[in-house]
Amino acid sequence: MIGSIFYSKKFNLHRPSEYHPENPKRLEIVLSKVRELGLEERIEEPNPVEETFVEKIHDRDYINFVKEAVEKGITRLDPDTYVSPGTWSAALLALGAARSAALSALHYGGLHMALVRPPGHHAGRRGRAMGAPTLGFCIFNNAASAVVTLKEEGVGKVVVIDFDAHHGNGTQEIFWNDPDVIHIDLHERDIYPGSGDVSEVGGSNAYGSKINLPMPHYSGDGDYIYVWDEIVLPIVEEVKPKVIVISAGFDGFKGDGLTTLRLTESFYSYAGATLNKYPLAFILEGGYGVGLDKGFPAFIMGYEEGKAKAREEPRYETLKLAEEVKDILSPWWSL
Ligand SMILES: [Zn+2]
């Protein structure tokens, strides 16, 4: 069941002053797909969160840093990450959309989406996270807004699955010591932000709650579907979460431009199909072209139809990775 879609034109008030891959065109692509799928009537205007809510996710100093940068008319927070006069209101609205998607998924079941900009998963508690050189286009952590909301509703353990091509270092860092937030992250290894090694399993109160799958360069559907079946789904089934938060990035799609990954509709459709017995709070992260055009609708259709198609074989490096991760996780998970 496809539920609510939280989207606002105001997200596009966050806009770069010169060419940047993270720009308003991204949501135009996403919106055209929503229309093609006949889902336009599901769109709801989100409400922004209060500034006090942001403090549940980020330190006051970082919130002030963003606010003051916008007020002073600064155009860049770092070499990757721009701000514009509309950034502050767009960022609060994105947090609100993620919060609403989480509440809707919890109360109604099905797939509820926050189709937002700016993206969020690289934003840590104090901004740059886990040694990352920049904020990686992100301002506030939208997935964390969904997680905090679900925890306040008393759902017990929350599972976050981040399949954006880059490691969700911000989300991992914010919940590093929280054993009730199971963060599973598939990403291309050895690219920005540099974190996401298999050895990163959570802080001392939360060992085993952070699961990293640093995929080999040029990984394709066979590689992703293999680790999905061997590691992601068994963990999800062990936890049986009331809601899953998806940090949904489509930049791993072949030709999307920022990585070497070669995913196609098959993986995204498979991911959607195999999660379709769970309510999902879907939070848009990256994806800059063909990934949004093809990967995004494939995930939605996969979830709606629930038909997981036959898989390709994984490569040897991926088999080795899966073996290593199972070994590392063996004290906490029966994989
Ligand atoms: Zn990304």
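Start by selecting Y62, I63, V66, A69 and V70: these are the buried residues of helix α3, where buried means under 20% relative accessible area, exposed over 50% and partly exposed in between (1.4 Å probe, protein chains only). They sit on the same side of α3, because they cover an arc of only 135° around the axis, taken from the directions from the helix axis to the C-beta atoms. Before going on, note that this is a predicted model, in which local features need pLDDT of at least 70 and side-chain atom pairs count only at pLDDT 80 or more, while totals for chains, interfaces and linings use all residues. Residues are numbered from 1 along each chain as its sequence is written, and side-chain values use heavy atoms, with hydrogens and water left out.

**Around helix α3**

Now show all of α3, residues 60–71. Helices (H or I, at least four residues) and strands (E, at least two) are DSSP runs, numbered from the N terminus. The 12 residues of α3 reach 16 Å from first C-alpha to last, close to the 16 Å expected at 1.5 Å a residue; that expected span is 1.5 Å times one less than the number of residues. Turn to the face away from the buried side and you'll find the exposed residues D61 and E71. What covers the buried residues? Among the elements doing so are α2 (51–54) and α4 (87–108), with contact meaning heavy atoms within 4.5 Å. Just after the helix, click on G73, which has a positive phi of about 80°.

**The zinc ion**

Next, select the zinc ion with D164 (OD), H166 (ND1) and D251 (OD), which coordinate the ion at 2.0 to 2.1 Å. Donors here are N, O and S atoms within 2.8 Å of the metal (3.2 Å for Na, K and Ca), and water is not among the atoms, so sites may look incomplete. Along the sequence, the donor residues follow the spacing D-x1-H-x84-D. H166 is in the loop between β4 (158–162) and α6 (169–174), and D251 in the loop between β7 (244–248) and α8 (265–274), so this pair ties together parts 85 residues apart in sequence. Both H166 and D251 are buried.

**Salt bridges**

How many salt bridges does a search of the whole structure find? There are 19, each a side-chain nitrogen of Lys or Arg within 4 Å of a carboxyl oxygen of Asp or Glu. Pick D223 and R315, whose side chains meet at 3.2 Å, N to O. D223 belongs to helix α7 (residues 221–239) and R315 to the loop between α9 (290–305) and α10 (316–329), 92 residues apart. D223 is buried at 3% relative accessibility, whereas R315 is partly exposed at 25%. R315 also bridges to E317, with the closest N and O atoms 3.8 Å apart. For a network of salt bridges, select E51, E55, R60 and K67.

**Aromatic rings**

Last stop: the 19 aromatic pairs. Rings of Phe, Tyr and Trp (its six-membered ring) pair if their centres lie within 6.5 Å; planes under 30 degrees apart count as stacked, over 60 as edge-to-face and the rest as tilted. Zoom in on W88 and F140: their centres are 5.8 Å apart and their planes at 80°, so the pair is edge-to-face. Both W88 and F140 are buried. Then try F282 and F299, a tilted pair at 5.6 Å centre to centre with 50° between the planes. F282 lies in strand β8 and F299 in helix α9, so the pair ties together parts 17 residues apart in sequence. To finish, look at the cluster that ring pairs build, including F163, Y224, W228, F282 and F299.
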